[in-house]
Amino acid sequence: MSKNENYGTRYMALLYALSFIVIVVMLYTDRNLQTDFGSVKPYFYHWFGLMATGIIDLIGAFILILKPGRRVILTSLSVSIIMVVFLLADTLTYSSVGFSTIQAFAAYLFGVTRYQGNMNYIPGLYDILLALYVINFLVALFYLRKTPRPVKS
């Protein structure tokens, strides 16, 4: 294992751990996420989807620490892309959560100010989560390019 692989996997593990923390805060504080904007109790399927994302982040952080290497960096790069697509694709579910347009739901998810008429939540957390995945992708890309490919014999 090269020094670059070790540093890279530690940075990526930290970013996944931070993503996990952001997700835990979202799961705990976002009443809209918990109840489908007040219509479902106790939890809504978006809540469970985000919980699964958090579990993936936590597992990824541990794998990055325990098994650093080029293959793990490549996997982290792929997972980061999938998570970014997953978060952006969530806007396509706008009608299932009662929004009339994709733009309105995107404003709720990605807005840094509170969206009017909704239950208690902390605006900006979705933005932070998306940024962490993009940064993780960039870090993985950087360290992937710096780590030597294994020599085939």
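Two rings of Phe, Tyr or Trp (its six-membered ring) pair if their centres lie within 6.5 Å; planes under 30 degrees apart count as stacked, over 60 as edge-to-face and the rest as tilted. The structure holds five such aromatic pairs.

This is a predicted model, in which local features need pLDDT of at least 70 and side-chain atom pairs count only at pLDDT 80 or more, while totals for chains, interfaces and linings use all residues. Residues are numbered from 1 along each chain as its sequence is written, and side-chain values use heavy atoms, with hydrogens and water left out.

**Aromatic pairs**

Two of the pairs are set out here.

| Pair | Centre to centre | Angle between planes | Class |
|---|---|---|---|
| Tyr11 and Tyr143 | 6.0 Å | 40 degrees | tilted |
| Phe110 and Tyr126 | 5.1 Å | 75 degrees | edge-to-face |

Helices here are DSSP runs (H or I, at least four residues), numbered from the N terminus. Tyr11 sits in helix H1 (residues 3-29) and Tyr143 in helix H6 (residues 125-146). The two are 132 residues apart, so this pair links distant parts of the chain. Phe110 belongs to helix H5 (residues 102-110) and Tyr126 to H6. That pair ties together parts 16 residues apart in sequence.

Burial follows relative accessible area: buried is under 20%, exposed over 50%, partly exposed in between (1.4 Å probe, protein chains only). Tyr143 is buried at 11%, whereas Tyr11 is partly exposed at 43%. Likewise, Tyr126 is buried at 8%, and Phe110 is partly exposed at 22%. Ring pairs also join Tyr11, Phe142 and Tyr143 into a cluster.

**Nonpolar core**

A nonpolar core is a set of buried Ala, Val, Leu, Ile, Met, Phe, Trp, Tyr and Cys residues joined through side-chain atoms within 4.5 Å. The largest one has 37 residues. Met26, Leu50, Leu129 and Tyr133 have the most contacts inside it. Two or more residues come from each of H1, helix H3 (45-66), helix H4 (70-89), H5 and H6. H6 gives the most, with ten residues.

Which residues does Tyr133 contact (heavy atoms within 4.5 Å)? Leaving aside neighbours within four places in sequence, they are Tyr16, Ser19, Ile23, Thr53, Asp57, Ser80, Met83, Val84 and Leu87.

In H4, Arg70, Val72, Ile73, Ser76, Leu77, Ser80, Met83, Val84 and Leu87 are buried. They cover an arc of only 160 degrees around the axis, so they lie on the same side of H4. The arc is taken from the directions from the helix axis to the C-beta atoms. Arg71, Ile82 and Val85 are exposed on the other side of H4.

How values were computed. Contact means heavy atoms within 4.5 Å.
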